[in-house]
Amino acid sequence: MITTDSATEATHAAPAVFTRRLSTRRATAQERAARSADASFGTAFTEHMVTLRWTRQEGWHDGRVEPYATLALDPATVGLHYGQAVFEGLKAYRTADGRTAVFRPHAHAERFRRSAARLLMPELPEETFVRAVEELVTADEAWVPGEPHRSLYLRPLMFASETGLALRPADEFRFLLIAFVTEGFFGEPRPITVWVSEDHTRAAPGGTGAAKYAGNYAASYAAQAQAGEHGCDQVVWLDSQERRWVEELGGMNVFFVERDGPARKLVTPPLSGTILPGVTRDTLLRAAPGLGLDVEERRIAVDEWREGCRSGRISEVFACGTAAQVTSVGTVRTARDEFSVGDGRPGLVAGMLSDLLSGIERGLAPDPQKWMHYV
Ligand SMILES: Cc1ncc(COP(=O)(O)O)c(C=O)c1O
């Protein structure tokens with residue numbers, strides 16, 4: 001589990017301020033509506049971005065909030081060649097009382113730091129990460145949508161910006177933060193069909209699976225394409241050694257709901273180093289006991305999944321993540337067979353957890369852990 005939501009000590013002096021140069025001609029409400037009419041993932045970008053630079057001599061410096069613009073990069077920029085790049089994904093919401101808040105920015109800041117450390121990149125102090133998020137959400141506050149199914153997705157990114165192709169960790173990095181309006185990842189809420197990948201794996205012990213490292217995502221395209229060829233929405237990742245244990249579901253963590261008489265238990269694979277420690281996963285593990293659900297972190301094999309669905313012991317399976325929130329799995333396809341989860345419809349427990357999450361995000365449900373960070 002993620003251990004803390006509070007900022008830890010800075011590893012480098014943080015820039016106290018970001019220089020602010022806002023766009024002189026701001027989009028009107030009509031222009032914003034037109035530009036975000038198509039809110040499919042990663043298309044409706046806002047008007048500003050935050051940038052920061054890091055060099056070995058100066059540490060983090062030159063923080064700016066400025067109009068969203070293209071970057072000029074030297075063709076020999078290290079990050080383009082060797083992929084020294086990590087990113088994050090978190091969301092800002094408009095709460096029912098009209099305020100704006102970001103969901104668990106400190107937890108995302110902590111994961112960003114850990115991802116960077118894995119790739120021998122500089123660690124951005126958590127308070128600087130959160131300050132950057134506050135700056136962008138403030139500059140583009142008008143873009144935070146009020147419709148309940150929409151939110152503002154924030155995308156922090158860090159890449160090696162040094163010029164020169166020596167094969168070693170870079171001495172210069174660029175941090176960027178951009179944002180776009182988004183809605184349901186899979187369109188209308190519906191149970192998804194998943195493909196159990198036996199040809200490809202996402203992560204190996206000792207590798208980069210626990211980091212939000214850019215290369216993990218490019219490497220997943222082949223399996224995702226195979227899932228598509230089999231009429232599936234997403235790929236189920238198995239462990240790389242035995243190809244037996246369920247690890248993740250596309251870019252999401254996975255939960256199984258086990259029935260034990262009238263009681264229900266959430267089971268999810270443990271963070272073994274090959275699984276991305278999802279903030280949503282952590283949130284559900286912490287929130288579930290309050291809904292009367294036990295939680296257990298243990299390995300589940302595909303055979304147990306199939307058998308559990310046949311016997312009814314596993315009543316639901318769902319994926320979770322910032323982009324997809326809580327999404328039920330309806331059908332599982334493998335190279336040999338296909339089986340349904342429950343009655344193939346969205347599950348009750350998934351519905352309960354999804355309502356709880358969206359209640360907190362909209363400021364309608366109690367938030368005792370102060371996950372919402374008001375800006
Ligand atoms: C591989 C992978 N697993 C799980 C998740 C879910 O993480 P979170 O809940 O922090 O969005 C993500 C998304 O960031 C991911 O890319």
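Is R243 buried, partly exposed or exposed? Select it and see. R243 counts as partly exposed, because its relative accessibility is 36%. Keep in mind that this is a predicted model.

**Stop 1**

R243 has a phi near 50°, which is positive, in a residue other than glycine.

Now select D62. This residue sits in strand β4, residues 59-67. Its phi is positive too, about 60°, although D62 is not a glycine. How accessible is D62? Its relative accessibility is 30%, so D62 counts as partly exposed.

**Stop 2: V17**

Go to V17, in the segment before β1 (19-20). V17 is exposed, with a relative accessible area of 62%. V17 and R131 are 114 residues apart along the chain, yet their C-alpha atoms are separated by 8.7 Å.

**Stop 3: the two domains**

Color the chain in two parts. The domain assignment gives domain 1 (19-182) and domain 2 (192-361). How many residues does each domain bring to the contact? Domain 1 gives 21 residues, and domain 2 gives 21 residues. The C-alpha centres of domain 1 and domain 2 are 28 Å apart.

**Stop 4: the largest pocket**

Select F87, R155, K212, Y217 and G251. These residues lie nearest the centre of the largest pocket, which has 35 lining residues. The space in this pocket is about 880 Å³.

Show the elements around the pocket next. Those that give two or more residues to its lining are β8 (151-160), α5 (214-218), α6 (221-229), β11 (234-238), α7 (279-287) and β16 (314-321). Which element gives the largest share of the lining of the largest pocket? It is α5, with four residues.

You will find 17 nonpolar, 12 polar and six charged residues in it. Then bring back the domain colors. Domain 1 and domain 2 each supply at least three residues to the lining of this pocket.

**Stop 5: helix α6**

Zoom in on α6. Select A223, Q226 and A227, which are buried in this helix. They are on the same side of α6, because they cover an arc of only 105° around the axis. An α-helix has 3.6 residues a turn, so residues three or four places apart point the same way.

What do the buried residues of α6 pack against? Their partners are β10 (192-196) and β11. On its other side, Y221 and E229 are exposed.

**Stop 6: the largest cavity**

One cavity of 30 Å³ or more is counted in this model. The largest cavity has a volume of about 70 Å³.

β6 (90-94) and α9 (348-361) each supply at least two lining residues. By type, the lining of the largest cavity has four nonpolar, four polar and two charged residues. End with the domain colors on. The lining of the largest cavity draws at least three residues from each of domain 1 and domain 2.

Notes:
Residues numbered from 1 in each chain as written. Predicted model: local features only at pLDDT ≥ 70, side-chain atom pairs only at ≥ 80, totals over all residues. Heavy atoms only, no water. 1 Å grid on protein atoms, 1.4 Å probe; cavity = no way out; pocket = protein on both sides within 12 Å on 5 of 7 lines; lining within 4 Å. Points joined across faces, edges and corners; volume = space filled by probe spheres on them. Nonpolar A, V, L, I, M, F, W, Y, C, P; charged D, E, K, R; others polar. Domains from an automatic or database assignment. Buried < 20%, exposed > 50% of the residue type's maximum accessible area, 1.4 Å probe, protein only. Arc of directions from axis to C-beta. Contact = heavy atoms within 4.5 Å.
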